[in-house]
Amino acid sequence: MTKQEKVDFVIRTLDEIYPEIPIPLDHKDPYTLLIAVLLSAQSTDVRVNQITPILFAEADNPYDMVKLSVDEIREIIKPVGLSPMKSKGIHGLSQILIEKYNGEVPRNIELLEELPAVGHKTASVVVSQAFGIPAFPVDTHIHRLMYRWGFSNGKNVVQTERDAKRLFPEEIWNRLHLQIIWYGREYCQARGWNLEKDVITKTIGRKSVINEYYKNKKSR
């Protein structure tokens with residue numbers, strides 16, 4: 001298969017498996033999505049979805065959020081981890097949204113990245129899922145799968161994002177990045193991976209990855 005044929009195969013297969021794509025983090029507007037994505041760093045979506053209803057019952061907009069102290073926010077979000085940094089970030093960015101943007105979340109990746117505790121991936125998720133602006137946020141699943149599929153060298157997420165944007169048509173980025181995340185969770189995991197059930201990697205995967213898989217399987 002040529003590189004383009006592999007790309008087409010991935011798009012076609014993912015569309016068949018995930019014609020409808022659930023959004024992993026529960027939210028109701030750009031602000032609650034921004035907070036949920038920030039909380040998800042080094043945590044799980046399941047854990048975040050358990051905590052955000054408690055937090056948003058207290059404050060689901062920047063004006064109410066700044067009425068809470070950093071310590072109060074920290075107490076609520078403690079179960080998701082990194083709570084000292086995240087609570088300061090949530091309080092700080094809420095203050096900036098009020099002062100600079102009339103309480104609205106900006107629709108621009110660069111402006112979002114200027115907010116406390118908001119990195120490139122978080123900003124990309126927000127513009128993609130809240131505003132429908134093409135972006136390709138790379139998480140650990142996408143980084144792993146792009147390497148296993150031979151689409152990126154796996155050096156870092158910046159390179160993986162660049163490669164993904166080069167290979168896949170811009171008009172499907174928003175849909176595709178979510179499809180790859182779900183596929184990674186369900187069929188192409190980091191641990192407990194079963195290549196026999198992973199039709200994409202089995203069909204187009206990097207030879208060294210497939211050889212390594214079978215070598216490890218034999219030695220078990």
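Tutor: Before we start, a helix here is a DSSP run of H or I with at least four residues, and helices are numbered from the N terminus. Keep in mind that this is a predicted model.

Student: Okay. Where is Glu 170, then?

Tutor: Glu 170 sits in the loop between H10 and helix H11 (173-186).

Student: Is Glu 170 exposed or partly exposed, and how do you know?

Tutor: Exposed means over 50% and buried means under 20%. Glu 170 has a relative accessible area of 45%, so Glu 170 is partly exposed.

Student: Let's move to Ser 152. Why does Ser 152 count as buried?

Tutor: Ser 152 has 5% relative accessibility, and the cut-off is under 20%, so Ser 152 counts as buried. You'll find Ser 152 in the loop between helix H9 (140-148) and helix H10 (157-167).

Student: What joins the side chains of Ser 152 and Asp 163?

Tutor: A polar contact of 2.6 Å does. The limit for such a pair of N or O atoms is 3.5 Å, so 2.6 Å falls within it. Leaving aside neighbours within four places in sequence, Ser 152 is also in contact with others, among them Tyr 147 and Arg 206.

Student: What does Arg 206 do with the ring of Tyr 147?

Tutor: Arg 206 lies over the face of Tyr 147, at 4.1 Å from the ring centre. The distance limit is 6 Å, so 4.1 Å passes that part of the test. Arg 148 is placed over the face of Trp 193, with 3.8 Å to the ring centre.

Student: How many aromatic pairs are there?

Tutor: The count is seven. In one of these, Phe 151 and Phe 168 have ring centres 5.9 Å apart, with 80° between the planes.

Student: Which residues touch the most other members of the largest nonpolar core?

Tutor: Leu 55 and Leu 93 do, in a core of 35 residues. H2 gives the most, with eight residues. Leaving aside neighbours within four places in sequence, Leu 55 is in contact with residues including Ile 35, Leu 39 and Met 65. A second, separate core has 31 residues, including Val 7 and Ala 164.

Student: What is the phi of Leu 82?

Tutor: Leu 82 has a positive phi of about 55°, although it is not a glycine. Leu 82 is in the loop between H5 and H6. Ala 117 is another non-glycine with a positive phi, near 65°, and its place is the loop between H7 and H8.

Student: Why is Ala 117 called partly exposed?

Tutor: Its relative accessible area is 37%, which lies between 20% and 50%, so Ala 117 is called partly exposed. Leu 82, with 38%, is partly exposed too.

Technical notes
Residues numbered from 1 in each chain as written. Predicted model: local features only at pLDDT ≥ 70, side-chain atom pairs only at ≥ 80, totals over all residues. Heavy atoms only, no water. Helix = DSSP H or I, 4+ residues; strand = E, 2+ residues; numbered from the N terminus. Buried < 20%, exposed > 50% of the residue type's maximum accessible area, 1.4 Å probe, protein only. Polar contact = N/O pair within 3.5 Å; in protein donor to acceptor, adjacent residues only side chain to side chain. Contact = heavy atoms within 4.5 Å. Phe/Tyr/Trp six-rings, centres within 6.5 Å; stacked < 30°, edge-to-face > 60°. Lys NZ or Arg CZ within 6 Å of the ring centre and 35° of its normal. Core = buried A, V, L, I, M, F, W, Y, C linked by side-chain atoms within 4.5 Å.
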